[in-house]
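Please look over the sequence and the structure shown here.

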Amino acid sequence: SAASSQTVSPESVAVPASPVAFVYVSNFPGGTTNVITAYTAAANGQLTLVPGSPFKDNVNSMAVNGKYLFGANRLGVYVAAFLIQSNGALKWTTSTDVAQHNPSGCVFAGDIILDHTGADIYYAGTAGSQCDSTIYQSFKVDKSDGFLQFLGNTPVSFLFNTPLSFSGNNVYAYGSDCINFQGNYLDTFATYKRESTGLLVATSIDAPLPAPPHSGDIYCRTLTAADPTNHFAMVLQPIDTSTSSQDGPEQLATYTIASSGALSTASTHQNMPSTAVEPIMTLNMAPSGKLLALGGGNGLQIFTYNGASPIKPYKQLLSGVDIENAYWDNANHLYALSQNGHKLYVFTVTTTSTSQAPGSPHNIVGPQNLIVQPK
């Protein structure tokens, strides 16, 4: 069975009358292709397999907009659209060839992200003469069948700044990575603006950096996660430039986004909390903007978030297990995926309490990626 709590066949499991979310995991059960394992989440966070799950399609990264689930094909050519049915089941409607719009000819599976309205999709295409860079491809979602209408590409950005995080006002998107390339750390922070047409364009807005903890250090910017009120959190890694090595734990800064898109911060190396689960692999903001989930090679950690105020450590929920993906629903549940542990964890997390949901963790063979559709 795909879930440790299941003892009967999925078809005989009654779907909760009013699930709070649908949860989808792309996973590799063996053979040659991925599948999508689907669950409904009850009000207490307990998961039930959706009838017909797993759904066959060879996708990795996923995104949802309430009506459709979009899956990026593992071969890097297509983005498939699935109609999300009332019980959470998936019905394929169409696939869009996204590789044809990538002039570099580099074909690798990329991240997909939707704007907050779910009207537009952005696909992280691999580009550059050595396929070592990124372009973001913009598409308009056809509401009738989920087909993607191409809008345009951003300029090539050397190396990678994925995944993107959209600001609360849906106008700006931020991405960064801190990549050890040929022995050097490179800070690839980039800001993009979403035009009224949905097209994503590169801007020259930069995020000012706090002074590093030691002379000769730099802060290397990595993951970002925005709140609903035009702030975002960002992971900063101190780097010793003389040795091109990490010089202390990763820390969390917070930024304020002006209406012009300009960024400011009151974060300093003294008031930024250190992380305990590095290397950091995922950063995700709760819909309330009050909680921040951080997943990494050594577990899952929660911080409290309050706009421009310093971020505060709250609770380490897991340690000694890798967490590559973490997503929230609108009912205070946090879903966290461990690829090496082959498990999907579910927690109920508020600003005053944390607990693991009934039946968690759930066993999944070969998990790759996770997405949550709140109800």
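This is a predicted model: local features need pLDDT of at least 70, side-chain atom pairs count only at pLDDT 80 or more; totals for chains, interfaces and linings use all residues.

## Disulfides

The whole structure contains two disulfides. With bonded cysteines counted along the chain, their pattern is 1-2, 3-4.

One of them joins cysteine 106 to cysteine 131, with an S to S distance of 2.1 Å. The angle about the S-S bond is -85 degrees, and the link is left-handed. Cysteine 106 sits in the loop between β8 and β9, and cysteine 131 in the loop between β10 and β11, 25 residues apart. Cysteine 106 has 5% relative accessibility, so this residue counts as buried. Cysteine 131, at 28%, is partly exposed.

## The second link

Cysteine 178 is bonded to cysteine 220, also with S to S 2.1 Å. This link is right-handed, with 115 degrees about the S-S bond. It connects distant parts of the chain: cysteine 178 belongs to strand β16 and cysteine 220 to strand β20, 42 residues apart. Cysteine 178 counts as buried at 14% relative accessibility, and cysteine 220 counts as buried at 0%.

## Aromatic pairs

There are eight aromatic pairs in the structure. In one of them, the ring planes of tyrosine 68 and phenylalanine 70 stand at 50 degrees with the centres 5.9 Å apart, so the pair is tilted. Both tyrosine 68 and phenylalanine 70 are buried.

Phenylalanine 232 and tyrosine 255 form a stacked pair, 5.3 Å centre to centre and with 15 degrees between the planes. Phenylalanine 232 lies in strand β21 and tyrosine 255 in strand β23, 23 residues apart. Both phenylalanine 232 and tyrosine 255 are buried. Together with Tyr174 and Phe189, Phe232 and Tyr255 form one aromatic cluster.

Key. Residues are numbered from 1 along each chain as its sequence is written. Side-chain values use heavy atoms; hydrogens and water are left out. Rings of Phe, Tyr and Trp (its six-membered ring) pair if their centres lie within 6.5 Å; planes under 30 degrees apart count as stacked, over 60 as edge-to-face and the rest as tilted. Buried means under 20% relative accessible area, exposed over 50%, partly exposed in between (1.4 Å probe, protein chains only). Helices (H or I, at least four residues) and strands (E, at least two) are DSSP runs, numbered from the N terminus. A disulfide is a pair of cysteine sulfur atoms within 2.5 Å.
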